[in-house]
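Here's a quick briefing to read alongside the structure. Have a look at the fold first, then go through the points below.

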Amino acid sequence: MADNNKSKAADPFGEFWGDMFARMGAAMPGADSSSSQVAAKQAQRTFFDALAKYCDDYMRSKPFLEMMRRSMDQSLQFKQQVDQFLTQLHRGAQSPAKDDVDDLSGLLRSIEQRVLSRLDALERKVAAVEGRRAAASGAKAGASRRRASRGAGRGPSKNKARGGR
Amino acid sequence: MTTASTNPFQSLFTMPQPAFAVDFDELRRKLAAMPRVMDLAGKVRVGATPRDVIYREDKLQVLRYESDVPKKHRTPLLLVFALVNRPYILDLLPHKSVVQQFLRAGFDVFLIDWGVPSESDKHLTLEDYIETYMHNVVCRVCEFSGMDRLSLLGYCMGGTMSAMYTALHPERVKNFILMAAPVDWSDREALLAVWTDTKWFDVDKVVDTFGNAPPQWLQGSFAMLKPVANLIEKYLNFYERIEDERFLEEFFAMETWVNDNIPVAGETFRQFVKDCFQKNLLIQDKLRIGRSTVRLAEITCPVLNLMASGDHLVPCGQSASFNDHVGSADRKSITFPAGHIGLSVGSRAQKELWPSVCEWLAARSDSTKSRTAGPGGKGTAKKKLARAQGPSRVGS
C-alpha cells in the first residue's frame with residue numbers, strides 16, 4: 001500500500017493521462033461515423049474537464065506553492081537589484097532617481113496628513129464652540145419667553161429665536 | 001479510474017477516426033471570415049451608454065448616465081466597482097448592461113470611475129478611498145439629486161468597500177446591494193485564498209518593490225485561476241464561432257475589458273490583502289479604517305446579497321455570511337447560476353436576475369410622483385433624514 005502511494009505521488013502525470021484516456025474510451029463505446037462529431041465533442045469536453053481539475057489540484061499542491069513563492073522572491077530580488085543599479089546610475093549622473101521622487105511624494109503625503117489632522121481638530125473645536133453658543137442662545141431665548149409669559153408686557157417680538165443657524 | 005489490467009492508451013486507437021479528420025470546407029469558411037473578424041475587432045465599443053461627468057476628484061470621476069426613460073425613483077443609485085479593473089463591465093454592451101437595466105427601470109444611475117493610479121498614488125490607503133473619495137462622492141450625488149440618502153451597489157472588491165462605507169456611514173445609504181463581493185475569508189477553498197496565504201505570499205515584499213500592484217501580474221494571476229478555460233477553451237470556442245457576428249462582438253468587448261487591468265494603489269493593496277484576505281478582520285468587526293472600526297451590525301438599511309454559484313473568484317462562502325452579520329431587518333440573498341463576471345454580463349442574468357433586482361430596489365426607493373428629480377433639485381431633505389434614522393421595517 002505504501003509503495004502504491006509512493007508510486008502515485010512520484011508519477012502524477014502518468015496517473016492523470018491514464019485516467020483521462022480511460023474516461024475517453026468509456027465515453028465512446030462503439031460510436032459510429034454518423035455520431036463522430038458528437039463523440040469528438042464529448043471527448044474534448046472530458047479532456048478539458050480532466051485537465052482543468054488536474055491543473056487546479058496541482059496549483060494547490062505544496063510543490064507548486066513553494067515554486068510560486070520562490071519564483072516570486074527571485075523576481076522581486078531581481079527587480080530590486082535593477083532598481084538599485086538604476087538609482088546609482090542616476091545618482092552618478094546627478095539626476096533625480098525614482099527613490100528621490102518616492103521620498104518626495106512620501107514627504108508631501110505626510111505633510112498633507114498633518115495638515116488635515118490639524119484641520120480636523122480645528123473643525124471639532126469650532127463645532128464645540130458653535131454648540132455651546134447655540135445652547136447659550138437657546139437658554140436665553142427660553143428665559144425671555146418665560147418672562148414674556150409671566151405678563152411682562154408687550155415689547156418688540158424676539159420670540160423667533162431657534163437654536164442653530 | 002482505470003483497473004490495473006486495462007491499457008488506457010488502447011482506447012485511443014479504437015476511437016472513430018473520422019472524429020479527428022480535419023473538415024477543410026469548414027476551415028476554408030472560417031479563414032474567409034477573417035477580414036470581417038478584423039473589421040469587427042476594430043469597431044468594438046464598450047461602455048457606450050451616454051453619460052456626463054458630474055464630479056471629479058484627483059483621478060476619480062463620477063458618471064451620471066442619461067436615458068430617455070423618465071425617472072420613476074428619486075433615490076439615486078450609485079454603482080461602485082473594484083479597484084482592479086475598469087468599471088465599464090457594468091455597461092459592457094447595450095444588451096449586456098446593468099446600467100441599462102436600472103435606467104430602463106427608471107432609476108437615476110451614477111457610477112464611480114476610480115481612474116488609473118499612478119506612482120504618486122501608491123500611498124493611498126483604504127481610508128482615503130472610503131472615508132475621503134467615497135464619502136465625497138456620496139455627498140455630491142446626494143446633493144446633485146436633492147436627496148439625503150442613496151442606494152449603493154458594490155461589485156466585487158467595490159462591494160467590500162461599499163460594505164465598509166455603509167457600516168461607517170449608515171445615515172447616507174438607503175438601500176445596499178452587495179454583488180459577488182467577498183466579506184468573509186474564513187472559507188479557504190478558493191484558489192485565490194490558497195495563493196494569498198501568509199505561508200506563500202508576502203504582500204509587503206511586492207508592495208515595497210513595485211509600489212502599486214502591477215496590472216500585468218494581477219491579470220496573469222486571475223487568468224491562471226482557470227488556465228484551461230482562459231488559455232485553451234476560450235480560443236477553441238472563438239474558432240468554432242468565428243462566423244457568428246453577435247458572438248464576435250461580445251467576445252471582443254469582453255477581451256477589451258479583460259485586458260484593461262489597472263494597477264492597485266500599493267498601500268490599499270497591502271491593507272486589503274493583510275486585513276481582509278489573510279487576517280479576515282472585516283467579518284470579525286476588527287477592521288480599522290482610519291480612526292473607526294468597521295462593524296457590519298451598523299448596517300441597518302435593506303440589504304440584497306447577490307452571489308454567483310459558479311464564481312471561482314469569490315465563492316458563495318465568502319459572501320453568504322454577510323446577511324447574518326448586518327443589523328438590517330430587511331435582508332435577502334439571491335444565488336444565481338453564473339460566474340463572477342457572468343453575474344453582470346451573462347445573457348441569463350440580464351434576462352432573469354436584473355429585472356428582479358430592479359423590482360426589489362424600486363419597492364424601497366422614493367418615487368418621483370408628480371415632481372421630477374433634476375440636477376440641483378431640493379427635496380424635503382431634513383424631514384427625510386429625520387425619518388430615515390431608524391432601521392427599515394419593509395418586508396422583503
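Where in chain B is Asp285(B) found? Asp285(B) sits in the loop that links α12 (266-278) and β9 (288-289) of chain B. Keep in mind that this is a predicted model.

- Asp285(B) has a phi near 60°, which is a positive value in a residue other than glycine.
- Asp58(B) is partly exposed, with 14 other C-beta atoms within 10 Å.

**Chain A: overall make-up**
- Chain A has 165 residues, and 5% of them count as buried.
- Take the contacts in chain A with a separation of 6 or more: 27% of them are between residues 24 or more positions apart.

**Chain A: domains**
- Chain A splits into domain 1, made of two segments (2-26 + 37-91), and domain 2 (96-147).
- Where the two meet, domain 1 of chain A puts in five residues and domain 2 of chain A puts in four.
- On the domain 1 side of that contact in chain A, you'll find one nonpolar, two polar and two charged residues.

Technical notes. Residues numbered from 1 in each chain as written. Chains lettered and ligands numbered in written order. Predicted model: local features only at pLDDT ≥ 70, side-chain atom pairs only at ≥ 80, totals over all residues. Domains from an automatic or database assignment. Contact = placed C-beta atoms within 7 Å. Nonpolar A, V, L, I, M, F, W, Y, C, P; charged D, E, K, R; others polar. Buried ≥ 20, exposed ≤ 12 C-beta atoms within 10 Å, placed from the backbone. Helix = DSSP H or I, 4+ residues; strand = E, 2+ residues; numbered from the N terminus.
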